[in-house]
Structure formats: C-alpha cells, structure tokens
Amino acid sequence: NKSLIKILFYQQSVSSHVALPAPTVNFVVCQLFALLTALWFRLYLHPSKASPFIRHVVATLLGFYLALFCFGWYALHFLVQSGLTYSIMVFAGLEHMHKLCFIVALGYLSFCQITRVYVFDYGMYSADFTGPMMVITQKITSLAFEIHDGLARKEEQLTPSQRCLAVRKMPSLLEYLSYNCNFMGILAGPTCSYNDYTAFIEGTAYQPRHLEANGTENGKHKHTEPSPKNNVISKLCTCAISLAVFLSVSKIFPVERSIDDKFMASTPFILQVLYLYLSMLATRPKYYFIWTLSDAINNAAGFGFNGYNKDGTPRWDLISNLRILDIEFATSFKMFLDNWNIQTALWLKRVCYERCPINPTAATFLLSAMWHGVYPGYYLTFLTGIGMTMAARTLRHNIKPYFLGSTTHKSVYDVITWAGTQVAICYTVVPFVLLAVGPSLKFYSQVEVETGAAAWPGGLGTARSHHVR
C-alpha cells in the first residue's frame, strides 16, 4: 500500500510539473516501461532462446499488466471484446464469420464509447480505455477477414495483397490474445497483420523480403539479423522533439480561439487562416510523439523489419504509422492522408474500401467516423472529408496538366497546392478537435461569412481547387 501511495504521489507530482493530466503521465510511464521491456524481450526471449509459446505467454501477460495499470478494471473490456469475437470465429460458419466479427467488434467498441462519453462520470476515471479498444477492433476485424480469405475463398478470388495476408489456420486462443493484447501495442498500437506478428514471434520475420531474380535482396546478400538500435534511437529523438514542441507551443495556439467572438471580430481573415494553420500545426506533435514511441517499442522488441534499402541499410517501417515530412509538406489532400495514421488507412482499405460494392469512398469515411467515436465533430470531419476527396480527384485531372510544362511551373504548382492542402486540412479537421456540434458549426458559418462560399458540407470552394497533386 505504501508503494502504491508513493507511485500515485509521484505521478501527481510529475503531472503538475509538466502540465499534463495524470492519466497522460501514467500512459507515458507505461510506454517507457514497455520500451525497456521490449529490449529485454528481444535479448533474453529471442526466438533462438525461447519457443513461440513462451514468447506468446510473456507478451500477453505483460500486455494485460500494462492495461490493468493504466486503466484498472476497465481493461476487462479488452478481454470481453476479444472473447466474444474469438467465440464467433470458432463456432460460427466460415462463410459469415468475418461479417459477424466485424459487427460485434465495432458494436462493442461503439457501446463502450457511448457509455464512456454520455454515461460514465469523467471525474471518476478520465483515462480513455476505448483508445486501446480501437486498435483491438482493427486487429479483430482484420484477422476475421484474413481467416475468411484463407479458409473460405478460392485462391483466384483474392487480390495479390489478400493472398499475401490470408491466414490458412485458425489461431489458438493464446495466439489470438497475444496478437490483440501484446505489451508492445496494447496501449497505442499500431495495428498489424496477423501473419507479420506470428512471423515476429516465430523468428521468421528476417527472411529476405523483395528478392530479385538472382536470389539477392536489392543486390546484396543478407545473412545476419539486422539491429534496430539506430532506428530506435532516431525515433526516440523524434519523440523528444515532438513532446517538447507540443508542451511549449500547443497552449500558445489553442484551436478554440478560432471561434472566439472577439478574435474573429478584430482579426483580418487572412490572419485568422494563418492562426488556424499554426493552431492545427501545434496539435500534431502529440500524435507524432505517441505513434513514434509505439513504433520504437515494437522495433526495440525486434518487430517492424521491412527488408533493406538499396544501399543495404535495414528498413524498420513495416508498422510505422506516419511520415512526418511527407505530412508537413503534403501537396494534396490524398498525400496527407496517405502518410497520416498509415496503419489505420491500410485497415480501412483492406476491410472496407476494397470490399464495399457500393460507393466505397463514402463507406470508408463513415466507418472511420464510427471507429473514432461518438462525438459529432468526428462525423462532421469525415463527411467534409468525402467532399474534399471527391473534389480533389476531379480537380487533379483537370488542373495539374497545365503546370507540367516546365520546372518553374511545377514548383509554383507545388507551392500553391501545399498552401491549399494545409488550409483544406485545417478546415476539415477543426470539428475533430472541437468535438461538439455548436462550436464546429460556428466555425463553418464564420468561414462562409468571410469567403462567401458554402462552408459545409461543400467546403471552401476556392481552397478545394488546390487539393490536387
């Protein structure tokens, strides 16, 4: 009891010094513990020293420990969701198992999100236990479709990617829980394919990838297991910079000021746009920190190897969730989305976009909104995103050819489309940050007044013309 009191006192003390909520400090401490554990896991439970069974057991138990430490008994929801869907996988017919798992997993996630937001008292427990459930939902639904592809569909019916990801044998309960709740990804993901995870556990993940015709990999023979040390150090440095930027800048440019009456009345529209860009720019390092740290934890455990570059250096981006420079210098709406939350985008593509027979774009955005949660702002953001995406596709084909005549024209095009993309992203994502309907519609109405364009759902008509590559 005395030790627990000391830990809680330490967390409150750290929280007050860094101006972060105690649950956030708790999360960071657990992730740092997971990082150290990952190093131990790779060194002392290496596939050459421990069987897949032992690696599964240790990864699962450590994951449950971190979940209980961070979320208390709310972590039981992880087991309930996993247990319900595993029962469906085992006892339901293969023909419809994937659909039932999808409905149950997403339905249970939505139930927990609704009760957390509208029923539970935030004052009792402010940590969002549905965050890990979002990743578990991705893993459950992905695996269900992969099992269906491997056991219920013919080879010629599968696309090349589906053929590669197809699971040919029903996982055991231990393998299933290890995949869903391992300590490397239980708190912040990222999601990954079941085949990639089992290859990591069994020690076959370092087998050559992207072989050339002569049996070499990118022109070089590879025999030794690559070390993730340099990549882990690089990603930890990125984490430190991102956290420092977020703590120092985010409070200077709060998004809420964009809808402050006094600010809107006294600030020229062009400066409002500039402020909006800076405020949204200041929110992104939080995600850079969380996702890059999660990636570093997986890499430290030996998970995430993705072959070699042409110069022979190892790539550790198999489950990376973002590419920061490509995000910040994106010259199209699509380019931004392709490099932001990459594993979630792949999940949406694999379980929805490639399989939905009617209007897959709209269905994908709707699924993304439902998966994120029940705040109205999420739906405003993703409904606006549908219009943005459709407009970008049309305008790209019609406008880009006029700028390909020379290098100068292409450079001008890139600058214009970069600025337009940043404005479009800010405009689209504001409701995602504000969450509530009232403030979001207030923001859109102000844009409509200032620009004379329909603010929602059609969006900034003039800004949308720059979303093309």
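This is a predicted model: local features need pLDDT of at least 70, side-chain atom pairs count only at pLDDT 80 or more; totals for chains, interfaces and linings use all residues.

Reader: How are α16 and α17 oriented to each other?

Author: Helices here are DSSP runs of H or I with at least four residues, numbered from the N terminus, and their axes are lines fitted to C-alpha atoms over the stretch in contact, with angles from 0 to 180 degrees between N-to-C directions. Helix α16 (residues 360-372) packs against helix α17 (residues 376-399) at an angle of about 155°, the axes being 9 Å apart. Angles under 35 degrees count as roughly parallel, over 145 as roughly antiparallel, 65 to 115 as roughly perpendicular and the rest as oblique. The two helices α16 and α17 are therefore roughly antiparallel.

Reader: Which residues of α17 meet α16, and how does the contact divide by class?

Author: Contact means heavy atoms within 4.5 Å, and on the α16 side it involves T361, A362, F365, L366, S368, A369, M370 and H372, which meet Y378, Y379, F382, G385, I386, T389, M390 and R393 in α17. For the classes, Ala, Val, Leu, Ile, Met, Phe, Trp, Tyr, Cys and Pro count as nonpolar, Asp, Glu, Lys and Arg as charged, and the others, Gly among them, as polar. By that division the contact of α16 with α17 has 10 nonpolar, 5 polar and 1 charged residues.

Reader: Is α4 parallel or oblique to α6?

Author: The axes of helix α4 (residues 76-91) and α6 come within 10 Å and cross at roughly 10°. That angle makes α4 roughly parallel to α6.

Reader: What is the orientation of α4 to α8?

Author: Here α4 and α8 pack with their axes 11 Å apart, at an angle of about 135°. With that angle, α4 is oblique to α8.

Reader: Which residues of α8 does α4 meet?

Author: The residues of the contact of α4 with α8 divide into 7 nonpolar, 3 polar and no charged. From α4 come L79, S82, T85, Y86 and M89, and their partners in α8 are L173, Y176, L177, N180 and C181.

Reader: Which element gives the largest share of the lining of the second largest pocket?

Author: On a 1 Å grid over the protein atoms alone, a pocket is an open set of points with protein on both sides within 12 Å along at least five of seven lines, a cavity is a set where a 1.4 Å probe fits but cannot get out, and lining residues have an atom within 4 Å of a point. The second largest pocket has a volume of about 940 Å³, a volume being the space filled by probe spheres set on the points, which are joined across faces, edges and corners. Of its 37 lining residues, D317, L318, I319, S320 and Q343 are the closest to the centre. The largest share of the lining, 6 residues, comes from α15.

Reader: How many charged residues line the largest cavity?

Author: The largest cavity has a volume of about 180 Å³, and among its 14 lining residues F269, V273, L276, F443 and V447 lie nearest the centre. Helix α12 gives the most to this lining, with 5 residues. The lining of the largest cavity divides into 11 nonpolar and 3 polar residues, and the number that are charged is none.

Reader: Which element gives the largest share of the lining of the second largest cavity?

Author: About 90 Å³ of space lies in the second largest cavity, whose lining divides into 3 nonpolar, 3 polar and 5 charged residues. Helices α6, α7 and α15 each supply at least two residues of that lining. The largest share, 4 residues, comes from α6.

Reader: What is the phi of N341?

Author: N341 is found in the loop between α14 (333-339) and α15. Although N341 is not a glycine, its phi is positive, at about 50°.

Technical notes: Residues are numbered from 1 along each chain as its sequence is written. Side-chain values use heavy atoms; hydrogens and water are left out.
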